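Visitor: I would like to learn how to read the features of a structure like this one. Please take me through a few of them.

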Amino acid sequence: MIYLQLRAHSLSEIISDIRGIPSTKVLTALALVVPGLLALACYDLVAAKYLKLPLRWWQPLGTGLLGYSITNTTGHAVVVGGILRLRIYPRWNVKAGSIGEIVGFGVLTYYLGLSCTAAFAFLFEGGGLAKTLAGIPHVGDTLAHPWIRYTIPTVLLGLIMTWFILLITVKRTIRIRKHDFRLPKPLTGLLQVVVSCADLCIVASVLWVLLPSHDGMDWLSFVGIFAIIQFISLLSAVPGGIGVFEGIMLVVLAPIAAKQSEVFAMLLTFRAIYYLIPFALGGLTFLLMVLIQRKTTDASDILEGQP
């Protein structure tokens with residue numbers, strides 16, 4: 001899909017478009033990365049509150065920050081995120097079962113926020129969403145139809161309301177296939193939605209400020225588009241949604257740019273700022289942490305072996 005849309009543009013043209021992105025936009029996007037990752041790290045903080053783990057606030061926050069800075073790029077948050085956390089949480093006497101619950105709770109938190117963000121963006125956007133959807137080739141008229149634009153938020157809000165009804169009315173523990181699952185309190189469920197919505201709104205804003213132009217599209221409309229494309233990218237199971245996310249965005253954002261290479265240059269810059277830089281920093285931090293742990297373990301073994 002990306003090749004078909006960019007075949008008329010050379011590599012040098014794309015590089016030139018990247019260099020042409022104003023430095024003020026890049027700096028603003030970089031400034032938004034920190035609060036965005038902190039909001040994402042709060043998934044672990046809320047999970048620790050839900051599990052009533054005896055941890056200081058900075059322990060799950062730091063672990064979440066490290067874990068999500070890596071899994072944002074690698075994808076497979078359950079597997080990779082679980083492995084990363086198994087290297088950290090046991091130091092604070094958190095058992096493997098609880099670590100699995102933290103990871104699963106984080107996935108649930110993300111989808112709750114994704115659903116809520118998309119629903120409210122569709123309901124309260126200023127008309128730019130319909131205009132953008134109508135501009136998509138072949139399917140634009142169908143996607144921009146009011147029936148579609150109101151059905152999506154209705155279904156999503158219905159799912160969220162069902163979840164909160166369960167939290168309010170059902171007993172705290174439910175059994176599914178011989179496994180007991182303790183439902184969070186309604187306040188914890190509300191915190192899930194708040195931190196996830198904040199995360200998604202901030203990451204959408206990183207891409208928003210990098211757009212070559214907005215062409216009548218308001219911020220809330222863009223957040224809705226971003227949430228839907230993010231959901232489709234997750235369904236693809238491609239690590240970090242790479243390629244899938246960019247391909248769909250190229251089609252959706254084509255009307256707001258003079259040429260496709262401008263949009264692709266913006267998407268590459270976004271990928272570098274929000275994914276690759278945190279991934280590199282998080283990977284190096286995790287590697288250093290593992291090396292320090294090994295040296296500490298080796299030193300302890302030597303001391304214990306001395307007569």
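This is a predicted model: local features need pLDDT of at least 70, side-chain atom pairs count only at pLDDT 80 or more; totals for chains, interfaces and linings use all residues.

Visitor: Where is G62 found?

Guide: G62 is in helix α4, which covers residues 58-74. Between the C-alpha atoms of G62 and L38 there are 8.9 Å in space, while the two residues are 24 apart in sequence.

Visitor: What does the protein chain contain in helices and strands?

Guide: The protein chain has 13 helices and two strands. Of its 307 residues, 45% count as buried. Take the contacts between residues at least 6 apart in sequence: 71% of them join residues at least 24 apart.

Visitor: How do I read the surface?

Guide: Begin with the total, then look for patches. The protein chain exposes about 16,000 Å², and 70% of that comes from carbon and sulfur atoms.

Visitor: Which residues form the nonpolar patch on the surface?

Guide: The patch consists of Y111, F231, I232, L234 and L235, with about 430 Å² of accessible area together. Helix α11 (residues 219-235) gives the largest share, four residues. L235 has its place in that helix. With exposed meaning over 50% relative accessible area, L235 counts as exposed because its value is 59%.

Visitor: Which residues form the positive surface patch?

Guide: K49, K52, R182 and K185 form it. K185 sits in the loop between β2 (179-182) and α10 (186-210). Its relative accessible area is 48%, so K185 is partly exposed.

Visitor: How many salt bridges does a search of the whole structure find?

Guide: The search finds two. In one of them, the side chains of R85 and D44 meet at 3.0 Å, N to O. R85 belongs to helix α5 (residues 77-86) and D44 to helix α3 (residues 23-51); the pair links distant parts of the chain, 41 residues apart.

Visitor: Are R85 and D44 buried or exposed?

Guide: Both are buried.

Visitor: Which residue does E246 meet in a salt bridge?

Guide: The side chain of E246 meets that of R271, at 2.7 Å, N to O.

Visitor: Why does R271 count as buried?

Guide: Buried means under 20% relative accessible area. R271 counts as buried because its relative accessibility is 9%. E246 is buried too, with a relative accessible area of 5%.

Notes:
Residues are numbered from 1 along each chain as its sequence is written. Side-chain values use heavy atoms; hydrogens and water are left out. Buried means under 20% relative accessible area, exposed over 50%, partly exposed in between (1.4 Å probe, protein chains only). Contact means heavy atoms within 4.5 Å. Accessible areas come from the Shrake-Rupley method with a 1.4 Å probe; for residues, only the protein chains shown count as cover. Patches are made of residues with over 30% relative accessible area and no salt bridge: like charges are joined within 9 Å, nonpolar side chains (Val, Leu, Ile, Met, Phe, Trp, Tyr) within 5 Å. A salt bridge is a side-chain nitrogen of Lys or Arg within 4 Å of a carboxyl oxygen of Asp or Glu. Lys and Arg count as positive and Asp and Glu as negative; His and the chain ends are not counted. The place of a charge is taken as NZ of Lys, CZ of Arg, CG of Asp or CD of Glu.
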